[in-house]
Amino acid sequence: MSDKPPFGFGPSDRDDSDPDRSGRGPEESRGDGPVDPFGFGNLPGMPPGGFPGMPGMGGPGGFDVSQLGQMLTQLGQMLSQAQNSGDGPVNYDLAAQMATQSLAATTSSLTGTQRAAVTDAVKLAELWLDAATDFPAGATEVKAWSAAEWVTASMPTWKRLCDPVARRMSGAWTDALPEEVRAAAGPMMAMLGQMGGLAFGTQLGQGLATLAAEVLTSTDIGIPVGPDRVAALLPENVDKFTRDLDRPASEVLIFLAAREAAHQRLFAHVGWLKERLLRTVEEYAQGITIDTSKIEELARGIDPSNPAAIQEAMGSGLFEPETTPEQQAALARLETLLALIEGWVDAVVAEALGERIPGAEALRETLRRRRASGGPAEQTFATVVGLELRPRRLRAAAELWRLLGEQRGSTGRDALWAHPDLIPSADDLDDPAGFVGRDEIGDPMAELEKLANTEAPEDPQEGPGKE
């Protein structure tokens with residue numbers, strides 16, 4: 001789990017200068033989203049550091065009357081957006097707008113040559129993958145996306161990922177307030193809810209802009225964030241990624257296309273997989289709680305008619321969520337499942353490419369380190385949602401799938417994905433060879449039949465001995 005609470009909740013003086021805690025150095029940490037819990041200092045229409053000329057709001061001096069009109073106009077636009085954000089916990093329209101505007105200066109329209117290269121690379125990768133897995137091609141469409149197109153295509157998935165956490169975070173602290181405090185606050189509570197949706201949307205937009213500039217494919221964070229059965233690569237990001245490698249650009253593109261196509265095959269033909277991942281995030285969110293005793297102790301000292309007092313209390317860590325055993329269990333399940341997915345893709349792509357690409361093994365190691373150590377994508381996701389989509393045990397999972405393929409062939413290996421109860425557990429990753437050598441999983445289809453018989457309700461008209 002990330003050290004940072006999701007959506008910036010928690011103490012505003014959290015030390016982000018330690019790269020081991022934040023994933024970034026002190027220079028990179030500055031300006032990385034709101035420093036206050038709701039991000040009011042970074043809302044759209046508000047310049048960095050606040051409105052100019054306002055004491056305590058980033059102005060270099062006293063109040064500047066010439067800036068008053070601009071300030072009021074910007075504040076009105078900000079509140080108008082908050083009122084139009086709907087009932088959801090995050091203003092996703094604002095998030096998409098901020099992300100695309102941020103990317104506009106650094107991205108350009110893709111050329112026909114770039115799009116054709118992606119299509120050709122995926123076609124070749126699919127041909128090679130046919131011999132390495134029993135799962136047929138999962139993608140029915142191939143796309144080359146710009147960073148802005150990635151933002152648009154991925155937004156429905158981000159809604160599913162962020163809503164549970166944001167809803168709990170935005171509601172947990174208000175639900176925990178004593179009834180008399182909420183009653184005294186009156187309409188201000190609704191306004192803070194709207195402003196919270198704006199602030200969440202702002203931080204999500206900033207995070208998506210960072211992600212969009214880094215991701216290489218639609219499955220780069222471990223979950224397909226685009227439409228179902230659409231294989232997509234981002235040529236501009238692939239080009240930037242290739243500059244740091246001592247390999248031809250064509251090799252890198254085909255290797256990444258093979259990983260994307262393998263992910264698409266797995267998710268397309270294992271119907272329960274994506275839903276299981278998303279549901280695990282929801283299970284984590286459902287466990288978000290706040291210690292109400294702390295709120296009760298300080299409730300008398302908070303003036304409900306003073307937004308600054310409430311904001312100061314939130315920034316003090318008063319409303320920081322507690323991690324429960326249930327959340328830790330959900331995180332462990334998420335990490336194991338991500339490791340199994342990435343390990344399977346790693347093993348299948350290695351088998352498919354074989355000697356066809358001279359630099360395949362070097363590229364494989366580069367991608368392993370990028371996923372297992374947590375690159376910018378994982379760090380940004382952790383800041384926004386409070387979770388790290390990081391397959392920490394990728395190497396063990398890849399070794400397990402490799403051994404299964406050698407012993408049982410691709411059919412026996414891939415058959416384990418037929419049911420969630422058949423796939424290896426976290427304990428199995430401690431001893432891949434031991435899991436592969438178990439007699440009881442020698443026939444996955446027989447195990448699946450046993451599971452079906454166990455789960456099927458008995459017909460009341462037929463006893464165990466009746467035919």
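**Exercise 1. Find which residues line the largest cavity, and sort the lining by class.**

*Solution.* Start with the lining: Leu 216, Thr 217, Thr 219, Asp 220, Leu 256, Arg 259, Glu 260, His 263 and Leu 367 surround the largest cavity. Here a cavity is a set of points, on a 1 Å grid over the protein atoms alone, where a 1.4 Å probe fits but cannot get out, and lining residues have an atom within 4 Å of a point.

Next, sort them: three are nonpolar, three polar and three charged. Asp, Glu, Lys and Arg count as charged, Ala, Val, Leu, Ile, Met, Phe, Trp, Tyr, Cys and Pro as nonpolar, and the others, Gly among them, as polar.

Then look for the main contributor: helix α10 (residues 249-269) gives the most, four residues.

Finally, the volume is about 60 Å³, and the whole structure holds three cavities of 30 Å³ or more.

The model is predicted, so local features need pLDDT of at least 70 and side-chain atom pairs pLDDT 80 or more, while totals for chains, interfaces and linings use all residues. Residues are numbered from 1 along each chain as its sequence is written, and side-chain values use heavy atoms, without hydrogens or water.

**Exercise 2. Describe how Trp 150 and Trp 158 pair.**

*Solution.* First, the rule: rings of Phe, Tyr and Trp (its six-membered ring) pair if their centres lie within 6.5 Å; planes under 30 degrees apart are stacked, over 60 edge-to-face, the rest tilted. This gives four aromatic pairs. In one of them, Trp 150 and Trp 158 sit edge-to-face, 6.2 Å centre to centre with 65° between the planes.

Notes: 1 Å grid on protein atoms, 1.4 Å probe; cavity = no way out; pocket = protein on both sides within 12 Å on 5 of 7 lines; lining within 4 Å. Points joined across faces, edges and corners; volume = space filled by probe spheres on them. Helix = DSSP H or I, 4+ residues; strand = E, 2+ residues; numbered from the N terminus.
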